[in-house]
Amino acid sequence: MIKLMENKNKPSILLVDDLSENLTLLEHIIKPLGVTMILANSGYEALRKTENKELFMALVDVKMPGMDGIELAGHLQSNHDRGMIPIIFVTAFADNEVLEKCYEVGAVDFITKPFQRHILLSKVKVFLELFNQKNEIRENQLKLEESTLELDRINQSLKQSHEELTELTSHLEDVREDERKRIALDLHDDLGQKLTALLMDLSWLNKNLTKDLPSLTAKIGSMKNLLDDTINTVRKISVGLRPSTLDNLGLAAALRWHFSEFENNTGIRVVSNIIPEELELDPKLSILIYRVVQEALTNVVRHAKASMVSIRLEQNNGTIHIEISDNGIGITKKEIEKPRSFGLLGMKERVASWGGKFVISGEAGKGTKLVIDLPVNNHKK
């Protein structure tokens with residue numbers, strides 16, 4: 001591609017005639033156009049002066065000693081880097097044979113001597129305008145190419161940023177799950193055991209008190225009830241942070257337990273189908289699925305106004321397919337695209353971090369459907 005001339009450079013025209021007075025006349029006629037004129041008295045001089053130059057056209061005398069205009073035109077057109085140059089031949093006498101040779105070497109027109117000023121000027125203006133339009137097209141094309149390259153760079157940067165964000169999200173989720181697991185174990189094994197031991201001490205104390213201290217006995221009974229409630233609260237917090245069923249019995253058992261707890265706490269019926277009944281998956285994939293299902297059910301409680309949720313989880317051909325649908329009011333497109341729908345965003349990022357697909361749809365009055373496909377093996381590793 002020829003580099004565009006800087007705006008400060010004027011378009012160039014080649015004027016060739018072996019008679020100096022003819023060159024002077026041509027120069028005088030074309031001067032008002034404000035273009036750069038390259039004047040030559042011979043074909044050899046013309047070739048030397050136009051080397052590596054781009055011309056918007058050439059006015060060439062046909063009959064010249066040494067190298068005539070037709071031979072010069074052939075040399076000018078042989079430089080393919082600058083493309084074909086519009087050539088107007090100037091001649092006093094031209095028969096059909098000469099005209100045919102002129103057109104063969106790239107002539108676009110010819111003018112007979114003596115030529116008329118306004119005719120010559122109008123012809124030159126046409127090719128000057130064509131040249132300017134061609135340059136404008138090339139400039140726009142270059143700008144488009146630059147814009148395309150810049151857009152590609154931006155897209156690549158965005159893609160890299162998204163990949164880094166996905167990796168960071170995955171890492172943060174791993175850190176969060178490890179912390180949840182640690183806190184859950186501390187609550188269960190440390191605080192829970194100490195509260196249980198305290199409850200046993202109160203029971204022992206109650207049995208060994210004399211019967212004539214009813215107010216103290218009542219106080220101990222009240223303390224036992226409070227401890228029972230506290231132990232149950234600690235157990236709920238521990239399970240909420242990290243269900244021990246998930247680590248001890250696997251994903252399917254943990255999900256069934258969660259569905260039962262969900263029904264008891266919300267009154268919303270859960271119809272589930274897990275195939276196969278026992279799933280052996282990567283621990284990280286198991287917790288990912290559990291958290292996504294947990295978040296989906298949370299969204300049902302918060303937004304769906306549903307009375308039933310249907311959940312299907314199936315492992316087949318190296319893929320985990322999950323469908324969660326409810327009979328609620330249905331999510332709208334606006335709600336799906338809402339930038340601050342953090343619950344949906346969280347689920348999408350979890351699924352994306354494992355190389356999975358996440359699709360949610362809804363219809364007014366007919367509920368919401370969530371479809372998730374996850375590879376058994378993490379494609380992001």
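Trainee: What is the relative accessible area of Glu139, and how do I read it?

Mentor: The general idea is a scale: buried means under 20% relative accessible area, exposed means over 50%, and partly exposed lies in between (1.4 Å probe, protein chains only). Glu139 has 31%, so Glu139 is partly exposed. Residues are numbered from 1 along each chain as its sequence is written, and side-chain values use heavy atoms, with hydrogens and water left out.

Trainee: Which side chain does Glu139 meet in a salt bridge?

Mentor: A salt bridge is a side-chain nitrogen of Lys or Arg within 4 Å of a carboxyl oxygen of Asp or Glu. Here Glu139 pairs with Lys143, at 3.6 Å from N to O. Both sit in helix H5, four residues apart, about one turn of the helix. Helices (H or I, at least four residues) and strands (E, at least two) are DSSP runs, numbered from the N terminus. Lys143 is also partly exposed, because its relative accessibility is 45%.

Trainee: How many salt bridges are there in the whole structure?

Mentor: The search finds eight. One of them joins Arg153 to Glu150, with closest N and O atoms 2.6 Å apart. These two are separated by about one helical turn, because they are three residues apart in H5.

Trainee: Which residues touch the most other members of the largest nonpolar core?

Mentor: First, the general idea: nonpolar side chains tend to be buried together in soluble globular proteins. A nonpolar core is a set of buried Ala, Val, Leu, Ile, Met, Phe, Trp, Tyr and Cys residues joined through side-chain atoms within 4.5 Å. In this structure the largest has 42 residues, and Ile289, Ile320 and Leu374 touch the most other members. Helix H9 (283–304) and strand S10 (367–375) are among the elements that each supply at least two residues. H9 gives the most, with 11 residues.

Trainee: What is Leu374 in contact with?

Mentor: Contact means heavy atoms within 4.5 Å. Leaving aside neighbours within four places in sequence, the contacts of Leu374 include Leu285, Ile289, Ile320, Val351 and Trp354. A second, separate core has 22 residues, including Val16 and Leu76.

Trainee: Where is confidence lowest and highest?

Mentor: Among the elements, helix H7 (residues 244–248) is lowest at a mean of 74, and strand S2 (residues 36–40) is highest at 94. The chain mean is 83, and 92% of residues reach 70 or more. Residues 1–8 stay under 50. Where pLDDT is low, the predicted coordinates should not be read in detail.

Methods. Predicted model: local features only at pLDDT ≥ 70, side-chain atom pairs only at ≥ 80, totals over all residues. pLDDT = per-residue confidence, 0-100.
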